[in-house]
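Dear colleague,

Here is the structure I promised to hand over to you.

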Amino acid sequence: MSNIIKVIATSLLVCCAVNVSVAQFTAVRILQETHLDYYRYSSSNLSQISQGYIHPDSPTIQVLKMLYPSVSSYLLPEHAKHIEYNLIMAQMSDLAYIAAAEKMEAYIVLAYNKLPSYRIYSETQHFRRAYSELTDMLEDKVPIDLKRAIFVVEDAFTFGKLNYDSYLSDINEMVRLCKLKIKQKKLDPNDNMVKNMMLFHFLSDTFKVRDPVTEKLITRYPIRYDTEDFDGSKDANNFFVTKLLNTGVGQCNSMPLLYLILAKEMGAEAYLSYSPRHSFIKIKDQNNSWYNIELTCGYFLSDQHYMNSSFIKAEAIRNKIYLHPLDEKEVIANILMELSYLYRREFGFDEFTKQCYEKAMPYASNSKTPLRIKMEYEDYFATFVINMLQYRNLDEFKEKDPQIYDRLVVQGIRKTDAELERYGYEDMPKEMYEQWLARMREKRNEYQTKEQMNLRKTVQ
């Protein structure tokens with residue numbers, strides 16, 4: 001087991017130490033590798049517990065409230081009594097009471113279908129506030145605001161350290177410059193293609209416009225692709241729109257999202273779309289012909305290009321998983337999934353992960369992301385239980401606990417995996433995606449058609 005799983009797995013052992021306060025327990029859970037010195041018992045404690053008594057302020061009850069906040073407060077004393085009694089008896093009998101603690105916690109997890117919660121960390125409140133804002137948008141309690149939705153997710157990961165006013169100022173300035181050049185070029189400000197081509201020009205080319213007040217030439221350079229950490233594996237901030245605004249460097253998550261924010265602010269019609277491991281922008285002209293704006297290389301690409309170069313099955317096209325233009329709520333639902341990803345990257349899996357994908361599913365029926373995260377959650381849940389019950393492998397788990405095995409593995413992981421396969425979902429290996437990106441960027445000049453050149457010239 002990883003260190004963090006070991007810490008969680010032995011949490012109920014620690015909370016049984018009547019001399020350990022909740023504050024002490026929190027520090028122990030985070031910092032201690034072993035918990036043997038924190039467990040104490042006395043004959044009086046054992047006598048009280050044997051008679052069915054446990055103090056309502058018992059550290060065991062307090063910690064259970066934190067780790068399993070959804071468990072009824074009426075049931076917590078019974079769980080706490082059972083835990084304390086059995087652990088005391090285990091130690092008195094010189095048994096492996098850490099293993100006993102793990103097993104008892106496993107059955108609480110199974111009974112309530114809940115992993116231990118990370119609410120114990122105050123920083124999680126930032127993620128829950130972001131979740132609340134996103135769900136309000138999905139449920140039409142407030143109007144959808146894409147720029148706000150993206151900001152609250154990225155701000156949650158930094159624990160509230162981002163500056164919203166500065167973020168809005170950067171966006172407003174970009175929109176102002178694009179509108180200014182449309183006016184100076186005497187182009188139609190209501191034409192959807194004009195607005196989209198100006199945005200494309202602003203992000204992909206060296207952009208020049210004269211300030212009407214100072215008469216100075218304002219020059220903006222194209223956004224650049226992050227070749228060092230394209231998937232944010234080294235630093236999740238590299239995945240963020242706020243980082244792209246601050247540095248001019250982004251990748252296939254932040255670039256299309258910034259474009260989409262600017263399009264919404266300018267009143268341009270544009271859509272987010274996906275291919276394996278990748279996202280891009282789709283727009284259409286007055287003849288309803290579709291164009292794919294590929295900001296990572298600064299050119300238009302056809303659907304056929306993505307189909308020939310990526311892991312896209314015919315079923316995925318039919319089920320609108322890939323190459324499909326997402327509506328506003330589908331975009332917000334996928335942003336909610338990014339919040340879930342960042343949460344578990346910072347803390348781990350708990351009920352918040354499940355809460356996120358269950359909320360997103362009705363609004364993103366054609367997206368593979370909630371289903372994929374559901375399978376990852378189910379896989380972690382099963383692994384957590386197997387480790388806590390001290391089973392060596394799936395075969396032993398199936399033999400000794402066939403009903404739980406069926407529930408977690410057959411009706412859980414395998415069923416979700418089959419559903420993903422039915423939708424045509426297949427992930428693209430990271431190495432192949434890197435090769436595809438490199439090839440696309442190296443050969444980007446080959447994608448420039450006469451039609452594309454003419455479209456770009458209209459705003460340059």
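Aspartate 145 caps the N-terminal end of helix α9, with a side-chain oxygen 3.4 Å from the backbone nitrogen of lysine 147. This is a polar contact (a pair of N or O atoms within 3.5 Å; within protein, one must be able to donate a hydrogen and the other to accept it, and residues adjacent in sequence count only if both atoms are side-chain atoms). Please keep in mind that this is a predicted model, in which local features need pLDDT of at least 70 and side-chain atom pairs count only at pLDDT 80 or more, while totals for chains, interfaces and linings use all residues. Residues are numbered from 1 along each chain as its sequence is written, and side-chain values use heavy atoms, with hydrogens and water left out.

The protein chain holds 22 helices and 8 strands, where helices (H or I, at least four residues) and strands (E, at least two) are DSSP runs numbered from the N terminus. Of its 460 residues, 51% count as buried (buried means under 20% relative accessible area, exposed over 50%, and partly exposed in between, with a 1.4 Å probe and protein chains only).

Helix α9 covers residues 146-157, and its 12 residues reach 18 Å from the first C-alpha to the last, close to the 16 Å expected at 1.5 Å a residue (the expected span is 1.5 Å times one less than the number of residues). Because 11 of the 12 residues of α9 are buried, this helix is largely enclosed by the rest of the structure. After α9 comes phenylalanine 159, whose phi is positive, near 60°.

One of these neighbours, α8, packs against α9 at an angle of about 165°, with the axes 8 Å apart (axes are lines fitted to C-alpha atoms, for helices over the stretch in contact, and angles run from 0 to 180 degrees between N-to-C directions). That makes α8 roughly antiparallel to α9. The contact (heavy atoms within 4.5 Å) is made by His126, Phe127, Ala130, Glu133, Leu134 and Met137 of α8 and by Arg148, Ala149, Val152, Val153, Ala156 and Phe157 of α9.

Helix α16 has a cap as well: a side-chain oxygen of aspartate 327 lies 3.2 Å from the backbone nitrogen of lysine 329, at the N-terminal end of the helix. Its 19 residues should span 27 Å at 1.5 Å a residue, and the end C-alpha atoms of α16 are 27 Å apart, which agrees. This helix is mostly covered, with 14 of its 19 residues buried, and it is followed by glycine 348, whose phi is positive, near 145°.

Glycine 348 is also one of the residues touched by threonine 353, together with Ser340, Tyr343, Arg344, Ile373 and Tyr377, not counting residues up to four places away in sequence. Lysine 186, in the loop between α10 and α11 (192-204), has a positive phi near 60° although it is a residue other than glycine, and at 75% relative accessibility it counts as exposed. Lysine 320, in the loop between α15 (314-318) and α16, also has a positive phi near 60°, but it is partly exposed, with a relative accessible area of 41%.

With best wishes

How values were computed: Parallel < 35°, antiparallel > 145°, perpendicular 65-115°, else oblique.
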